[in-house]
Amino acid sequence: MVQGASRTVAQVVGVLLLAVAVTAFLSVAAVRHGFFDLQVYYGALNWWVHDGGEIYDYLRPLTQYGFTYPPFAALVMLPMAYLPWLAAIVVSVAATVVVTVVLFWWLIDPISRRAGWTRWFVLAVALCLAAAYEPMRETVNFGQVNMLLLFLVAVDLLRLLPRGNRWAGVGIGLATAIKLTPGIFIVYLLVTRRWRAAVTSMVTAAAATLVAAALFPDASREFWTEALWNTGRVGELAFVSNQSLRGVVARLDPVHPSTLAWLVLVLVLGTLALWAWRSHRAAAAGDEATGLALTGAVMCLVSPVTWVHHLVWLLPALILLVDNAMAASARTLRRSLLLAAAFVGYGLLTSRIVWSWEQDFTGLDGFLGSNTYVWISLALMAFLPVRRWPAPPGSGDEASAVPQLDEPDGRAPAGERNRVGGPLSVR
């Protein structure tokens with residue numbers, strides 16, 4: 001009893017010290033963007049609702065930035081036009097925090113249970129580390145919607161689809177109607193032959209889009225015929241914050257970025273093919289979390305514009321590196337390599353390292369350094385392990401089941417047992 005209480009006190013103190021350290025780090029490293037993107041949403045909605053202007057005609061004063069999301073996103077955000085500015089900030093931050101806590105619980109709690117760790121403590125540590133993660137702090141400081149979209153997709157892939165729920169696909173459809181890039185998860189459902197969920201997602205996205213078109217016909221016409229194709233509204237492709245393959249190509253020739261070279265990287269050199277193959281393996285193994293992680297990584301790679309704050313989509317992959325490491329035998333090279341990969345990936349994605357080449361990304365060092373986050377996305381997409389789960393989908397045992405690691409030698413680690421379930425085995 002006394003030992004348990006002492007452990008709890010030590011964990012509380014540890015979390016508090018980590019929170020103080022993260023706060024100190026953020027006070028130095030975090031860039032204050034003044035909720036810039038939220039200001040764009042807020043200004044556009046007020047211009048549209050209260051001033052009688054068209055939402056896609058609005059530009060934030062002294063900038064080229066306007067509302068770039070589909071009309072359904074404007075419908076979802078419409079209540080913002082009736083809130084004071086400070087209340088809009090509170091809602092934005094609170095929503096991001098809530099969905100992050102829930103998503104992290106889904107991804108991290110199974111690791112804690114299998115490893116016998118104190119579950120609240122591990123979650124608290126993970127949330128502190130997430131607060132320091134550059135894409136997360138950029139999402140909060142810009143007032144972006146990235147975590148909300150990731151959460152909608154995760155509801156489908158982590159909760160509904162493994163249980164065969166007939167509503168699986170609705171979250172992906174809504175995310176796609178809000179912002180087009182999550183539509184790659186519809187492709188994921190098609191590639192992995194989940195036809196019902198794929199149809200549900202497409203019907204949901206189409207229905208949401210049609211509802212917005214019926215309510216706001218002029219805005220919908222302007223978006224689909226003009227605003228969607230105006231790439232100047234989103235910013236400069238060669239800007240170092242664009243950590244996609246298109247950004248890599250643009251930084252090679254900022255004046256005339258080659259669309260053909262980008263398409264070659266995406267299509268001819270097999271980025272999408274590798275993703276499709278690995279995603280199919282993950283789905284066949286019942287590893288929906290890895291399917292989510294792989295698709296989030298490839299979305300960041302193939303999107304024309306992937307700003308640093310969009311890289312919150314890499315969080316599931318980083319967490320799964322730790323998950324795979326803890327499922328491997330103790331004191332093995334595999335565990336060490338996976339933990340090292342998670343540590344290095346997280347460290348680089350927290351460090352703002354790409355900004356060292358913000359003004360000059362020429363030369364070999366510029367090519368390698370300014371695209372650091374792209375290389376991490378590629379590595380995660382290509383090498384994140386796929387697990388095979390012994391618990392059947394919908395059985396309720398997924399959280400405590402032990403993943404069978406996809407080892408090349410097919411040998412089970414001698415004597416290794418999980419602290420919650422049965423023996424740890426490999427294919």
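# Reading burial and helices

Trainee: F35 comes up as buried, with a relative accessible area of 18%. What does buried mean here?

Mentor: Buried means under 20% relative accessible area, exposed means over 50%, and partly exposed is in between (1.4 Å probe, protein chains only). Keep in mind that this is a predicted model, where local features need pLDDT of at least 70, side-chain atom pairs count only at pLDDT 80 or more, and totals for chains, interfaces and linings use all residues. Residues are numbered from 1 along each chain as its sequence is written, and side-chain values use heavy atoms, leaving out hydrogens and water.

Trainee: Where does F35 lie?

Mentor: In the loop between helix 1 (2-29) and helix 2 (36-49). Helices are DSSP runs (H or I, at least four residues), numbered from the N terminus. The phi of F35 is near 55°, a positive value in a residue other than glycine. R352 also isn't a glycine, and its phi is about 65°. That one sits in the loop between helix 17 (333-350) and helix 18, and R352 is partly exposed at 24%.

Trainee: How many residues of helix 12 are buried?

Mentor: Seven of the eight in helix 12 (residues 245-252), among them L245, G247 and V249. Helix 13 (259-268) and helix 15 (288-302) are included in what covers those buried residues, with contact meaning heavy atoms within 4.5 Å.

Trainee: What span does helix 15 reach?

Mentor: Expected span is 1.5 Å times one less than the number of residues. Helix 15 has 15 residues and reaches 21 Å from first C-alpha to last, close to the expected 21 Å.

Technical notes: Helices (H or I, at least four residues) and strands (E, at least two) are DSSP runs, numbered from the N terminus.
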